[in-house]
Amino acid sequence: MSNIMVTDPRFSSAGRPSGRLLEVDDLRVEFRTRDGVAKVINGVTYHVDAGETLAVLGESGSGKSVTAQTIMGILDTPPGFLTGGQIRFHGEDMLEMSAEQRRKIRGTGIAMVFQDALSALNPVFTVGFQIGEQFRIRQGMSRKEAKRRSIELLDQVRIPNARQRVTEYPHQFSGGMRQRVMIAMSLALDPEVLIADEPTTALDVTVQAQIMDLLAELRRERNMGMILITHDLGVVADVSDRIAVMYAGRIVEEANVHELYARPAHPYTLGLLDSIPRIDEKGQELRTIKGLPPSLLRIPSGCPFHPRCPMAQPVCVEKVPPLRRLGPTRGSACHFAEELLQAEELVKP
Amino acid sequence: MSEKILEIKELVKHYAVTRGIVFKKTIGHVQAVDGVTLDLREGETLGVVGESGCGKSTLSRVVMNLELPTAGTVLYRGEDIFKMRGGDMRRLRRQIQLVMQDPYTSLNPRMTVGDLIGEPFEIHTEVAPKGSRRQKVQELLELVGLNPEHINRYPHQFSGGQRQRIGIARALALRPEIIVCDEPVSALDVSIQAQVMNLLEKLQSELGLAYIFIAHDLSVVRHLSDRVAVMYLGKIVEIGTEDQIYERPTHPYTQALLSAVPVPDPTVRSTKAIIRLTGDVPSPANPPSGCRFRTRCWKAQDICAKEVPALVERRGTDHPSACHFAEEREIVVTHEAGVA
């Protein structure tokens, strides 16, 4: 099964070709907490086009979920404050729009699947009511019509016996089935972009495989753009076209999926790939990334990765490396990206 | 082959499902663990994998003697641990220790690191007489890669990975022979997970520990284990060495499980064997008759509903598998790490 999409050769942060579906441009968000100001997102730029899957990869605290929340307009304010940047949907800046205009985009333009379906669904309403709510409120459908559409949707996400299950409550569904309900709900208004925030983290691996297959299939059928937020390098390799790796609120590397795994252009990506045990490899000591991810209250000067980087030089402490373009589809925020690629070339020609 | 230190025989743990408050009536049993037989040898790592609800954590709780089994025995060096009392029991507790999954809830937030790690010495005074405790704790901190000067800090001052190290230091305090690790790295970030896994390996080779390593992540289990048992709905469906399970799996469930694990390499996307199970795991309160996996199995025949398949070696296979139609099949193409 080959589902590799031809990726857009134009590079995201360089120039601004028109006709992009969703673009995030130099987004900045900070959290004003009791302990100080945490700079959670420090200039994030990415885009997603129709029919492609962009994976946003990062560890906890890298800002990957907050970026998604900001796009959806569900950032908790306070403590979260938007301090700069643009989010353009079909070229129009959503941050300049009125609340009413933004509401119109939610669901029909951009929809989101959350990680924990049990807490994202309302326990006191049937799943049919919760899915149908969108049809009734947004499209003025009758209750009966909304229920019929809900059954259709549950069918589409392959919930067996949808006609009967539409009247059941979230607690009556298993974890995997609940996630399917969530997906059905997000697809109700036929969105152009689907943001999936760790959609399978809480699930078992056999169920995870089912859900990822389902998402990939629905994306293909509907030609949606998908932003997959995850920390799992395995899932990313399986389904995505392009990848943005985040660290301390910045994108440190952007590449198409084959480039990134074959030859990472940032020491952090390289470290991540080396530190995960693989099911198809026999044990050896894992190489690790030393130290800990930085506190967002005290992000290190220069390159935020420098205290943990094996390649760090004095310049890394002083200067923040910008996300530089290295090829048609890739970029790296490392002062020594070229050297790293060259060294890798020597090891694996 | 080294000596068996732990023998688990036909272990069964059922939980009663009741209805009513005053007049409680048992209406069924959750068959969390149902007839598990396992050995643990000195210095080895036995991996136990399975999806949620397969009974792997219940197994660890019973082995730790935190819960009594419904039936079956666990022998520690030939002695039944459920018959031990008083001093014998205390000595056993020293030998088997637990590292828990969640480093945020398994450490008391009101105790300092020194108190947390040193608490086992209060009961087992023979390990560290009163005057030497502080020094012992500092040695332990050093052993797990933490700064010994942080002995007076509280858990909230540490990161997740560091807290897991504290949990490991606490488990090591009494110099046990066996450590039961129940999902020790699943709550940690990718870059931290590798650090803790390397630490567990280092401690094993330095101290000669035996691990029962319980996890749902098959890649992690492969990396650390010498032998692996695969569980499904309270039963072991297949057991063998790491190579046998990962390179020559014979049970359809093991094969499906391995096939579902995403490989962090986009080039294997098209070459990978894809087996997709349909549906969810049935409820352990009402498991299917015969083979418990038959409801999701593509090989199921009439015999699977009638007869429980025994966990034995079948013709053409080299390790025990509980399937009537056990057959080797290569799912993941293994290569040596670092060579690729």
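This is a predicted model: local features need pLDDT of at least 70, side-chain atom pairs count only at pLDDT 80 or more; totals for chains, interfaces and linings use all residues.
Reader: How do you know that α7(A) and α8(A) are roughly parallel to each other?

Author: The axes of α7(A) and α8(A) cross at roughly 15°. Angles under 35 degrees count as roughly parallel. Therefore α7(A) and α8(A) are roughly parallel to each other.

Reader: How is a pair of packed helices described?

Author: By the angle between the axes and the distance between the axes. For α7(A) and α8(A), the axes come within 10 Å. The crossing of α7(A) past α8(A) is right-handed.

Reader: Which residues of α7(A) and α8(A) meet?

Author: From α7(A) come A:G175, A:G176, A:Q179, A:I183 and A:L187. They meet A:V207, A:Q210, A:I211, A:L214, A:L215 and A:L218 in α8(A). By class, this contact has seven nonpolar, four polar and no charged residues.

Reader: What makes B:Y253 buried?

Author: B:Y253 has 28 other C-beta atoms within 10 Å. A residue is buried if 20 or more lie within that distance. B:Y253 therefore counts as buried.

Reader: Where does B:Y253 lie, and which residues is B:Y253 in contact with?

Author: B:Y253 lies in helix α9 of chain B, residues 252–260. Its contacts are B:V230, B:Y232, B:V237 and B:F293, leaving aside neighbours within four places in sequence.

Reader: How far apart are the C-alpha atoms of B:Y253 and B:W298?

Author: They are separated by 9.9 Å. Along the chain, B:Y253 and B:W298 are 45 residues apart.

Reader: Which residues touch the most other members of the largest nonpolar core?

Author: A:A184, A:I227, B:I212, B:F213 and B:V230 do, in a core of 186 residues. The largest share of this core comes from α7(A), with seven residues.

Reader: What does B:I212 touch?

Author: Residues up to four places away in sequence are not counted here. B:I212 then touches B:L40, B:L46, B:V48, B:S60, B:V63, B:I178, B:V180 and B:C181.

Reader: How many residues does each chain bring to the contact between chain A and chain B?

Author: Chain A brings 43 residues, and chain B brings 40 residues. Several elements of chain A each supply at least two residues to its side, including α7 (175–187), α8 (205–222) and α9 (233–239). With seven residues, α8(A) gives the most to that side.

Reader: What classes of residue make up the side of chain A that touches chain B?

Author: That side has 18 nonpolar, 15 polar and ten charged residues.

How values were computed:
Residues are numbered from 1 along each chain as its sequence is written. Chains are lettered from A and ligands numbered from 1 in the order in which they are written. Two residues are in contact if their C-beta atoms, placed from the backbone, lie within 7 Å. Helices (H or I, at least four residues) and strands (E, at least two) are DSSP runs, numbered from the N terminus. Ala, Val, Leu, Ile, Met, Phe, Trp, Tyr, Cys and Pro count as nonpolar, Asp, Glu, Lys and Arg as charged, and the others, Gly among them, as polar. Axes are lines fitted to C-alpha atoms, for helices over the stretch in contact, and angles run from 0 to 180 degrees between N-to-C directions. Angles under 35 degrees count as roughly parallel, over 145 as roughly antiparallel, 65 to 115 as roughly perpendicular and the rest as oblique. A crossing is left-handed if the near helix is turned anticlockwise from the far one by less than a right angle, and right-handed if clockwise. A nonpolar core is a set of buried Ala, Val, Leu, Ile, Met, Phe, Trp, Tyr and Cys residues joined through C-beta atoms within 7 Å. A residue is buried if 20 or more other C-beta atoms lie within 10 Å of its own, exposed if 12 or fewer, and partly exposed in between; C-beta atoms are placed from the backbone.
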